[in-house]
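Hi everyone, thanks for making time today. I'd like to walk you through one structure, a few spots at a time.

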Amino acid sequence: MRILHTADWHIGQRLHERQRTDEHKQFLDWLLEKIQEYQVELLLVSGDIFDTALPSSESTNLYYQFLYRLFDETDAYTVITAGNHDSARHLEAPREFLEMGRIYVVGFADDPPKCVFTFPRNNPRVAVAAVPYLSESDLRHLSYETEVDRNERYREWFKTFYADCVAAMPAELPKILMGHLFVQGGKIGDSERNVQIGGATATHASDFPQNVSYVALGHLHRPQTIKGSDYPIRYSGSPIPLRFNEAGYRKKVYLLELSDDGTLIQDKEIEIPIFKELCTVEGDEVSVLSKARKGNWDGKYIQVKLKLDAPGIDINDKIRQEFSERGGDVLSVEVIQPEAKSGPPIRVEDMKRPQEIFDQFHRYKFDGAPPDDTLMQTFNELVKMVEETE
């Protein structure tokens, strides 16, 4: 049976307030093409369908348009679970309706057997435990419990839940587990949230049951396989880079083919195209402006890390303009200045005029250089505004 594993779509996500609907639409169109190309029989989506619990109408429409096309243009079954960004209630609302289109959605982890499905429905060849995000908040509160004790109780709940799911599966079928959580050994970026509970690692590879063919995880945005088991425990990662630091590695989905006895006949990673390139440009003002003028920035999102030895006026605007004239869109300019030193001692009797203190501070921080006339004028205007509000 051919199975495709993906996760962490984060439909509706913004990058520095830029809407990314076009990128998500391009990804979903591409995903549908791959499902058709490889004749995928089962699509697994392991959580974080949306970026927020209350997605916009535009994001919701994109999601349901894809599901309709999936039903109308393929014969694939689909299993979707809720992640920590999703509203379980929102995802599950049309559950019974979607099942008529071969789409099975699980938002709540109320009862392990209710998370178990077999596919194809009329002649089962694989069993899937569609486990959504297991939130620590679902644990009963114990006032006397330490953080370590609570973490261990979470692990025991996790292990028991998955064991009960496997117990509810037909023994003769290959078994796939889905999940949305952090497993020890996973590489974390800076765009995930709530990857751990209580500041401690929540789960281990050994916590999953034995006699399983594959574990399809979501939550971490870098594609990766967790070590520590004799079957693949894998994060598919997010389909588009959600932060600039995710642009350094390619995004993927995973194509599997299982034999009737659960053996992985095929385990193939498919790279996702880059729909919108994210670029980081570093250097001083001269080098950044030079790169802007010489490069091809058409359609790219840009993060600038600008190194300055002294304050500048209108540098941000100049940088944005140069990139914009060549088709680029600068989303952020991060100014990196020399490491701050402790300020010079100022005697009380010297604290008469703010302008003098500012001049002294500037000379100390920038190797004796006085502030220029434009900077001094700006400072005087700020002082005047403060004085008028007193």
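Helices (H or I, at least four residues) and strands (E, at least two) are DSSP runs, numbered from the N terminus. What you see is a predicted model, in which local features need pLDDT of at least 70 and side-chain atom pairs count only at pLDDT 80 or more, while totals for chains, interfaces and linings use all residues. Residues are numbered from 1 along each chain as its sequence is written, and side-chain values use heavy atoms, with hydrogens and water left out.

First, a pair of helices. On the α1 side, the residues that meet α2 include Thr 21, His 24, Leu 28, Leu 32 and Ile 35. Their partners in α2 include Glu 58, Leu 62, Phe 66 and Leu 70. The residues of this contact divide into seven nonpolar, three polar and five charged. Here, Ala, Val, Leu, Ile, Met, Phe, Trp, Tyr, Cys and Pro count as nonpolar, Asp, Glu, Lys and Arg as charged, and the others, Gly among them, as polar.

How do the two helices lie? The axes of α1 (residues 21-37) and α2 (residues 57-73) come within 11 Å and cross at roughly 10 degrees. Those axes are lines fitted to C-alpha atoms, for helices over the stretch in contact, with angles running from 0 to 180 degrees between N-to-C directions. α1 and α2 are therefore roughly parallel to each other; that label is for angles under 35 degrees, while over 145 is roughly antiparallel, 65 to 115 roughly perpendicular and the rest oblique.

Now for the charges. A salt bridge is a side-chain nitrogen of Lys or Arg within 4 Å of a carboxyl oxygen of Asp or Glu, and the structure holds 22 of them. Lys 25, Asp 29, Arg 69 and Glu 73 are linked in a network of salt bridges. Within it, Glu 73 pairs with Arg 69, the closest N and O atoms being 2.9 Å apart. Because these two are four residues apart in helix α2, about one helical turn separates them.

Another salt bridge joins Asp 267 and Arg 234, at 2.7 Å from N to O. Asp 267 is in strand β14 (residues 264-271) and Arg 234 in strand β12 (residues 233-235), so the pair ties together parts that are 33 residues apart in sequence. Buried or partly exposed? Arg 234 counts as buried at 7% relative accessibility, and Asp 267 as partly exposed at 37%. Buried means under 20% relative accessible area, exposed over 50%, and partly exposed in between (1.4 Å probe, protein chains only).

Next, have a look at Asp 48, in the loop between β4 (42-46) and α2. Asp 48 is buried, at 1% relative accessibility. Its side chain makes a polar contact with that of His 180, at 3.2 Å. A polar contact is a pair of N or O atoms within 3.5 Å; within protein, one must be able to donate a hydrogen and the other to accept it, and residues adjacent in sequence count only if both atoms are side-chain atoms.

Finally, some backbone geometry. Most residues other than glycine have a negative phi, and most peptide bonds are trans. Asp 48 has a positive phi of about 55 degrees, and Asn 211 has one of about 60 degrees. Asn 211 is exposed, at 72% relative accessibility. A cis peptide bond joins Phe 119 and Pro 120, with omega about -15 degrees.

Conventions
Contact means heavy atoms within 4.5 Å.
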